[in-house]
Structure formats: structure tokens, C-alpha cells
Amino acid sequence: MIQRRHFLIFALCLLPLAWSGNILAAQDEATALVQRTAERMLKTLEARRGEVERNPSLIYGMVETTVAPHFDFERITQGALGQSWRQATPEQQRQLVNGFKQVLIRTYARSLLSYSGEEIRYLPVKPGSRPSTVTVSTEVREPGATPIPVDYRMHNSGGGWKVYDVVINNASLVGNYRSNFANEIRQVGIDGLVAKLSDMNTQGRD
């Protein structure tokens with residue numbers, strides 16, 4: 001799957017995405033809101049750092065309630081499966097979405113624990129390639145390292161802005177998983193992929 005360092009970058013930049021869900025009147029407001037929310041999120045994390053270090057599983061709930069509602073996990077899963085999504089039954093689709101959601105939440109939460117003050121720079125929001133879509137651009141800056149661009153592709157279907165892909169240094173999260181999922185489905189089928197995601201989540205439990 002995605003390398004751990006990339007997931008850390010993913011985690012650092014996902015922090016800004018927990019906003020109220022109201023449709024933004026102007027695209028520039030998105031960046032300001034992202035920054036305010038990121039600061040609140042980091043402040044909360046630091047305030048509970050000792051508690052989380054004693055019981056790391058607490059961070060899963062923080063991510064589940066604060067960040068996860070602002071991601072379109074069904075669309076993310078559909079994109080990661082590609083054509084195989086249409087071959088899955090409704091029950092298999094439900095299991096795939098739930099399993100993949102938990103994999104992403106757990107990986108993100110664990111990476112978030114490694115945050116150590118890296119600077120996040122917020123760039124102007126860009127219109128998306130389709131109506132009701134935007135790209136929120138950020139950069140992660142570490143001392144002595146080249147800034148790493150992280151873009152959030154988002155859509156608004158009337159219920160608020162939601163993330164449907166994350167592009168880290170020109171590498172798509174959805175695209176990365178698409179190749180992994182395709183290989184898994186070729187080897188063990190859709191039910192095999194469902195079982196694989198379940199195993200990943202079981203092994204990740206504290």
C-alpha cells in the first residue's frame with residue numbers, strides 16, 4: 001500500500017478537513033476555514049497527548065468523529081475498485097466501504113501520533129475539473145527538505161464539501177489502492193478482498 005512516510009504526510013494534511021459542512025460562498029473561504037480548523041484540531045491533540053499516549057486507541061474515536069464525516073468513503077472505495085465496483089453485490093459494496101474506511105481511519109490515526117510540528121502551508125483553492133468540485137492545495141514543509149504538495153479533491157453534492165481523493169506529491173491515494181485492489185481481486189475475488197480488509201483491521205486493533 002502507500003508508504004508510511006506518505007501516510008504521515010496524508011495525516012498531517014487531513015487535519016484541516018474537519019469543517020462544518022456548510023456550502024462555502026467563495027472558494028477562498030475554504031482555505032481560511034481549513035486553517036482555523038487545523039489549528040483547533042492540533043490544539044486538541046496536544047491537549048490530550050498524554051492521555052492518548054497512555055491509551056493510543058483513543059485517537060481512533062477522535063478521527064472517526066472529527067475527520068471521517070467529511071470524507072466520501074463510498075466514492076473513494078468506488079474509485080479504488082474501478083470496474084470491479086460494478087461487479088460487486090450491494091452487500092459486498094457495503095462491506096468494502098466499511099472495511100476500507102476503517103483501514104484508512106486506523107492508518108491515518110496511527111500516523112497522526114507521529115506529528116511533531118511540521119509546517120503546513122495553505123495555498124489558494126482551485127476550481128475542480130467538474131461542477132461542484134474544488135481542489136484544496138497544501139504543502140508540508142520539513143526543515144531541510146523540499147516541500148511536499150498535498151491536494152484534496154473535493155465535491156459538494158448539496159450536503160457539504162467532502163473529500164473523494166488525496167493527491168500526495170502527484171500520487172493519488174485512490175489510484176494507489178486501485179492497483180493493489182485489482183491484484184487482490186484477480187487472485188482471490190471480491191470476497192477475498194473483503195476478508196483482506198477485515199484481517200487488516202483485526203490485526204490493527206490494540
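**Exercise 1. How are α5 and α8 oriented to each other: roughly parallel or roughly perpendicular?**

Solution. The model is predicted.

Step 1: Know what to look for. Two packed helices are described by the angle between their axes and the distance between the axes.

Step 2: Find the helices. Helix α5 covers residues 73-81, and helix α8 covers residues 173-203.

Step 3: Read the geometry. The two axes come within 7 Å and cross at roughly 75 degrees.

Step 4: Classify. Angles of 65 to 115 degrees count as roughly perpendicular. Therefore α5 and α8 are roughly perpendicular to each other.

**Exercise 2. Find which residues of α5 and α8 meet, and sort them by type.**

Solution. 

Step 1: Take α5. Its residues in the contact are I76, G79, A80 and L81.

Step 2: Take α8. Here the partners are V174, Y177, R178, F181, I185 and L193.

**Exercise 3. Describe the largest pocket.**

Solution. 

Step 1: Give its volume. The largest pocket holds about 280 Å³ of space.

Step 2: List the lining. There are 16 lining residues, and R75, S129, R153, Y164 and D165 lie nearest the centre.

Step 3: Trace the elements. At least two lining residues come from each of α5, β3 (133-141), β4 (148-156), β5 (161-168) and α8.

Step 4: Sort the lining. It divides into four nonpolar, six polar and six charged residues.

**Exercise 4. State how confident the predictor is.**

Solution. 

Step 1: Take the whole chain. The average pLDDT is 80, and 79% of the residues score at least 70.

Step 2: Check residues 16-26. Their pLDDT is below 50. Beyond near neighbours in sequence, this stretch has 30 contacts in the model.

Note on methods:
Residues numbered from 1 in each chain as written. Predicted model: local features only at pLDDT ≥ 70, side-chain atom pairs only at ≥ 80, totals over all residues. Heavy atoms only, no water. Axes fitted to C-alpha atoms, helices over the stretch in contact; angles between N-to-C directions. Helix = DSSP H or I, 4+ residues; strand = E, 2+ residues; numbered from the N terminus. Parallel < 35°, antiparallel > 145°, perpendicular 65-115°, else oblique. Contact = heavy atoms within 4.5 Å. Nonpolar A, V, L, I, M, F, W, Y, C, P; charged D, E, K, R; others polar. pLDDT = per-residue confidence, 0-100. 1 Å grid on protein atoms, 1.4 Å probe; cavity = no way out; pocket = protein on both sides within 12 Å on 5 of 7 lines; lining within 4 Å. Points joined across faces, edges and corners; volume = space filled by probe spheres on them.
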